[in-house]
Amino acid sequence: MDSERFEAFIDAILAIVLTIIVLEIPMAADGTWEALFEVHLEFIIYALSFLVVFNFWNYNNNVFSMVNKVDHKVIWLTGLSLFILSLLPYLTIFVAENFDSFIAHAAYGLDFVATAIISIFIANALKNSDKGNIALQVEFENNDSLYCMLALMVVGYIIGYLAYPPAITLCCLISIPALWIIKKYKIR
């Protein structure tokens with residue numbers, strides 16, 4: 001399959017996910033700063049969810065700019081990844097309404113971790129589906145940045161379980177720029 005049609009499909013799904021997330025932000029009760037501040041947790045979690053979806057889109061956009069063709073494994077793994085990512089609107093509200101709950105943050109983080117793990121499988125499937133594509137082979141020589149991100153999430157889960165549940169969500173936020181810094185500077 002031509003990768004351009006597949007990219008358009010990914011873009012459409014992500015646009016729907018973002019639309020649902022933004023529609024779930026509650027309106028302020030009235031036009032005061034106090035009322036606006038009452039929904040600050042919902043907005044913070046929305047902003048993080050936006051960054052997660054944007055990061056997913058940006059990563060896929062960068063990867064698929066090198067891809068010439070995709071096979072059924074890439075399609076199904078990406079579909080699974082999109083399904084898991086589509087749970088983000090529900091999990092965003094779950095965290096916003098239960099900000100001090102370990103379970104809420106753990107579920108949010110699990111969505112993030114599952115998407116990252118599937119990305120490793122997608123990378124391998126892309127390499128196998130387009131073996132003649134040297135740029136793609138070089139891009140996915142190793143998955144160190146994804147492994148570092150997963151290690152950071154483990155730290156977040158430990159801190160979240162032992163002391164401060166929002167540490168899990170915070171590690172999701174920190175891991176996004178860390179992923180790109182590690183990838184850009186080939187930190188190993």
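User: Why are α3 and α6 called roughly parallel to each other?

Analyst: In this predicted model, the axes of α3 and helix α6 (residues 102-129) cross at roughly 0 degrees and come within 13 Å. Axes here are lines fitted to C-alpha atoms, for helices over the stretch in contact, and angles run from 0 to 180 degrees between N-to-C directions. Angles under 35 degrees count as roughly parallel, over 145 as roughly antiparallel, 65 to 115 as roughly perpendicular and the rest as oblique, and α3 and α6 are therefore roughly parallel. The helices themselves are DSSP runs (H or I, at least four residues), numbered from the N terminus.

User: Which residues of α3 and α6 meet, and what makes a contact?

Analyst: Contact means heavy atoms within 4.5 Å. By that rule Ile45, Leu48, Ser49, Val52, Phe56, Val63 and Phe64 in α3 meet Tyr108, Phe112, Thr115 and Leu126 in α6. By class, this contact of α3 with α6 has nine nonpolar, two polar and no charged residues, where Ala, Val, Leu, Ile, Met, Phe, Trp, Tyr, Cys and Pro count as nonpolar, Asp, Glu, Lys and Arg as charged, and the others, Gly among them, as polar.

User: Why are α3 and α9 also described as roughly parallel to each other?

Analyst: Helix α3 (residues 40-64) and helix α9 (residues 166-185) pack at an angle of about 25 degrees, with their axes 10 Å apart, and α3 and α9 are therefore roughly parallel. Their crossing is left-handed, a term that applies if the near helix is turned anticlockwise from the far one by less than a right angle, with right-handed used if clockwise. On the α3 side the contact includes Ile45, Leu48 and Tyr59, and on the α9 side it includes Leu173, Ile176 and Trp180.

User: How do you know that the structure holds zero disulfides?

Analyst: A disulfide is a pair of cysteine sulfur atoms within 2.5 Å. The sulfur of Cys171 has its closest cysteine sulfur in Cys172, 7.5 Å away, which is too far for a bond. The structure accordingly holds zero disulfides.

User: Are Cys171 and Cys172 buried or exposed?

Analyst: Buried means under 20% relative accessible area, exposed over 50%, and partly exposed in between (1.4 Å probe, protein chains only). Cys171 has 7% relative accessibility and so counts as buried, and Cys172, at 0%, counts as buried too.

User: What makes Leu152 partly exposed, and which residues does Leu152 contact?

Analyst: Leu152, in helix α8 (residues 144-162), has a relative accessible area of 23% and is therefore partly exposed. Leaving aside neighbours within four places in sequence, Leu152 is in contact with Cys171, Ile174 and Ser175. Leu152 and Cys171 are 19 residues apart in sequence, and their C-alpha atoms are 6.4 Å apart in space.

User: Why is Ser81 called buried, and what does Ser81 touch?

Analyst: The relative accessible area of Ser81 is 0%, so Ser81 is buried. Ser81 lies in helix α4 (residues 72-85) and, not counting residues up to four places away in sequence, touches Phe56, Thr115, Ile118 and Ile122.

Note on methods
Residues numbered from 1 in each chain as written. Predicted model: local features only at pLDDT ≥ 70, side-chain atom pairs only at ≥ 80, totals over all residues. Heavy atoms only, no water. Helix = DSSP H or I, 4+ residues; strand = E, 2+ residues; numbered from the N terminus.
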